[in-house]
Amino acid sequence: MKLATLKDGSRDGQLVVVARDLKTAHVADGIAPTLQAALDDWAFISPQLNDLYLLLNTGRAARSFDFDPAQCMAPLPRAFQWVDGSAYVNHVELVRKARDAEMPASFWDDPLMYQGGSDDFLGPTDDIVLAHEEWGIDFEAEVAVITGDVPMGSTPHQAFDQIRLLVLVNDVSLRNLIPAELGKGFGFLQSKPASSFSPVAVTPDELGDAWQDAKVHLPLRSTWNGKLVGQPHAGVDMVFNFAQLLAHLCKTRNARAGTILGSGTVSNKDAKRGYSCIAEKRALEMIADGVSSTPFMLFGDTIKIEMLDGAGKSVFGAIDQVVKQAQAKKIR
């Protein structure tokens, strides 16, 4: 099934069920008020949501309405936990090679992962509002899973059973702030502002054969200022699948229902597939020419991130955003 959260003036929004074709929706009132509430009692709630989903898809839902992604918050507008991996090691290898940094062998068998802010996510069409272009504004197209409870010490097989939903992510990054932050030895903070999410979260079964080995086997499209700049295949060159990433996360702690785990920037070794972030394009330029020529994003730039199925239909709806300058606040 497909689920979304509509803006209703509250922090957590209103849970709705969305038709497979993304054209209509139905409020999940009487079943669960929010997506987090549904995740907290998934075994009881999800069958009821699925019943409504079946009615919606067959045109028998009594109070369906036109689905508008512009009215959506992130599927989980705030989450108990947001962690991002780096499952596509090719991306890490390229970025490090561009700055003549050695690639530790452990990166191929021990996942990289960081914990980001999860109290404030952006909806799929919300503006990316930042103060300065000089910070090096970049998009990062990713896939993520939303989990049930994953106990500490879970194996990949056990973790796999707790994958409830999948979403797309734009993990906005401020590249020119990253070196100084990482240099302190504590990780990302200011260089990772609020991430953005697709309008719809989908259950794994919606992907059909494209969901195999805890990977999504479909291309992920990034369109920057109206130009398609990348469509790497999310199922190719993913060194750690989502089950392995979850097991890594839970080595020393529990992950509770509503945890969001990102794949990291989707990247293929085949450079002809394009790129899912500007930093990778700049890395390729540096390796080839000794200089990076592609600029980072400017105010007024647009970014669209979407995944299409084998029939060319959107699976999650599109992240479709504009970068805008924050207005200076008046001092009273």
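Which residues form one aromatic cluster? They are Trp82, Phe121 and Phe197. This is a predicted model, where local features need pLDDT of at least 70, side-chain atom pairs count only at pLDDT 80 or more, and totals for chains, interfaces and linings use all residues. Residues are numbered from 1 along each chain as its sequence is written, and side-chain values use heavy atoms, with hydrogens and water left out.

Start with the rings. A pair of aromatic rings is described by the distance of the centres and the angle of the planes. Here, rings of Phe, Tyr and Trp (its six-membered ring) pair if their centres lie within 6.5 Å; planes under 30 degrees apart count as stacked, over 60 as edge-to-face and the rest as tilted. A search of the whole structure finds 6 such pairs. One of them joins tryptophan 82 and phenylalanine 121 edge-to-face, with 6.4 Å from centre to centre and 90° between the planes. This pair links distant parts of the chain, 39 residues apart. Tryptophan 82 is in strand 5 (residues 81–85), while phenylalanine 121 is in the loop between strand 6 (113–116) and strand 7 (128–130). Helices (H or I, at least four residues) and strands (E, at least two) are DSSP runs, numbered from the N terminus.

Tryptophan 82 is buried, at 1%. Phenylalanine 121 is buried too, at 7%.

Next come tyrosine 114 and phenylalanine 188. They also form an edge-to-face pair, 4.9 Å centre to centre with 75° between the planes. Tyrosine 114 is in strand 6, and phenylalanine 188 is in the loop between helix 5 (178–183) and strand 12 (196–197), 74 residues apart. Tyrosine 114 counts as buried, at 15% relative accessibility. Phenylalanine 188 is partly exposed, at 26%.

Side chains of opposite charge can pair when their charged atoms come close. A salt bridge is a side-chain nitrogen of Lys or Arg within 4 Å of a carboxyl oxygen of Asp or Glu. The count comes to 10. Lysine 192 belongs to a network of them, linked with Asp138, Glu140, Asp171 and Arg175. Aspartate 138 is in strand 8 (residues 137–138), and arginine 175 is in the loop between strand 11 (173–174) and helix 5. Both residues are buried.

Aspartate 12 pairs with arginine 78, the closest N and O atoms being 2.8 Å apart. Aspartate 12 lies in the loop between strand 1 (2–6) and strand 2 (14–18), and arginine 78 in the loop between strand 4 (65–66) and strand 5, so the pair ties together parts 66 residues apart in sequence. Aspartate 127 pairs with lysine 324 at 3.3 Å. Aspartate 127 lies in the loop between strand 6 and strand 7 and lysine 324 in strand 20 (residues 319–325), so this pair ties together parts 197 residues apart in sequence. Aspartate 127 is partly exposed, at 29%, and lysine 324 is partly exposed, at 40%.

Now look at helix 6. Why is helix 6 largely enclosed by the rest of the structure? Because 6 of its 8 residues (242–249) are buried. Among them is leucine 246, at 0% relative accessibility. Leucine 246 touches Thr147, Ala159, Ile163 and Leu261, not counting residues up to four places away in sequence. Contact here means heavy atoms within 4.5 Å. Asparagine 241 caps the N-terminal end of helix 6, with a side-chain oxygen 3.1 Å from the backbone nitrogen of alanine 243.

Finish with threonine 259 in strand 18 (residues 259–262). Threonine 259 is buried, at 0%. Leaving aside neighbours within four places in sequence, its contacts are Gln81, Val145, Ile146, Thr147 and Leu249.

Methods: Buried < 20%, exposed > 50% of the residue type's maximum accessible area, 1.4 Å probe, protein only. Polar contact = N/O pair within 3.5 Å; in protein donor to acceptor, adjacent residues only side chain to side chain.
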